[in-house]
Amino acid sequence: MTIERNVFSTKDKLAQALADAVAENLNAGLDERGEASLAVSGGSTPKRFFEVLGARDDIDWENVTVTLVDERWVDESSDRSNARLVKENLLTGAAAAARFVPLYAGTDEPDAAGIAQANSAVAQVPVPFDAVILGMGNDGHTASFFPGGDALEEALNAEGPVVAIRAPGAGEPRVTFTLARLLQTRALYLHIEGEEKAQVLDKALETGPVETMPVRAVLSQSHIPVSLYWCPERQNAFRF
């Protein structure tokens, strides 16, 4: 898989460029089918990008559906909730008009009933996605495709659309879109920041088992090109 590498000297420049690209994706979807969909990741990395994208008023947000690529199985009152992160940082200003589809279904555990509810909810999301934005952990996970995950094989190979997964490095039980569903997108981005993440990516690009660095499943697939958006912590840290 060819990776389009976009490297930025500051996190603000990265956030602006990524917001520009995603806005173009959403507007193309709106022009073509009158609606658009976006799946985003949680964590601290995308906050600045969320703020920049959410402020854009050149998108018909009323016809945009936003969801998550994965979620901890926690209520939105938890500061660990990705839904809370998105609502507080992306779905503000102009983007507050967008429809948000959460993955957490409110059951005690992501059991069969909870996953059935989540699958029913995400059936409302237009497919293919117009843009999917993935992150990457220092352990080589992306979405909730964690090394050692009890449902990693299902997450990487089943149709989904979502599955429950538990892993030693994941903290809470999780729910994640499957790889097959995430690849049903017109644009696929990998957003990482910092030198340490670049080193992890270098290792992931080497030949090796997907199970130990599940992001390899994204980097090695041939369905959709990956656009890498990366900012080093120091100006002289460019390596690509």
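**Reading Salt Bridges and a Sheet**

Mentor: Buried means under 20% relative accessible area, exposed over 50%, and partly exposed in between, with a 1.4 Å probe and protein chains only. This is a predicted model, in which local features need pLDDT of at least 70 and side-chain atom pairs count only at pLDDT 80 or more, while totals for chains, interfaces and linings use all residues. Residues are numbered from 1 along each chain as its sequence is written, and side-chain values use heavy atoms, with hydrogens and water left out.

Trainee: How many salt bridges does the structure hold?

Mentor: A salt bridge is a side-chain nitrogen of Lys or Arg within 4 Å of a carboxyl oxygen of Asp or Glu. The structure holds 14 of them.

Trainee: With which residue does Arg186 form a salt bridge?

Mentor: One partner is Glu32, and the closest N and O atoms are 3.0 Å apart. Arg186 lies in the loop between helix H6 (179-182) and strand S9 (188-193), and Glu32 lies in helix H1 (residues 11-33), so the pair ties together parts 154 residues apart in sequence. Helices (H or I, at least four residues) and strands (E, at least two) are DSSP runs, numbered from the N terminus. Glu32 is exposed, at 59% relative accessible area.

Arg186 also meets Asp130 in a salt bridge (3.2 Å, N to O). Asp130 lies in the loop between helix H4 (112-122) and strand S6 (131-134), so this pair ties together parts 56 residues apart in sequence.

Trainee: Is Asp130 buried or exposed?

Mentor: Asp130 is buried, with a relative accessible area of 1%. A network of salt bridges links Glu32, Arg33, Asp130 and Arg186.

Trainee: What is the strand order in the open sheet of three strands?

Mentor: Two strands pair if DSSP finds at least two bridges between them. Here the order is S4-S8-S7, with antiparallel pairing. Strand S4 (70-72) and strand S7 (162-165) stand at the edges with a single partner strand each, so one side of each has no neighbour in the sheet. From one strand to the next, the twist averages 20°.

Trainee: How many bridges join S7 to strand S8?

Mentor: Four bridges join S7 to the antiparallel strand S8 (residues 174-177). Among the paired residues, Val162 has Phe177 in S8 as its bridge partner.

How values were computed
Axes are lines fitted to C-alpha atoms, for helices over the stretch in contact, and angles run from 0 to 180 degrees between N-to-C directions.
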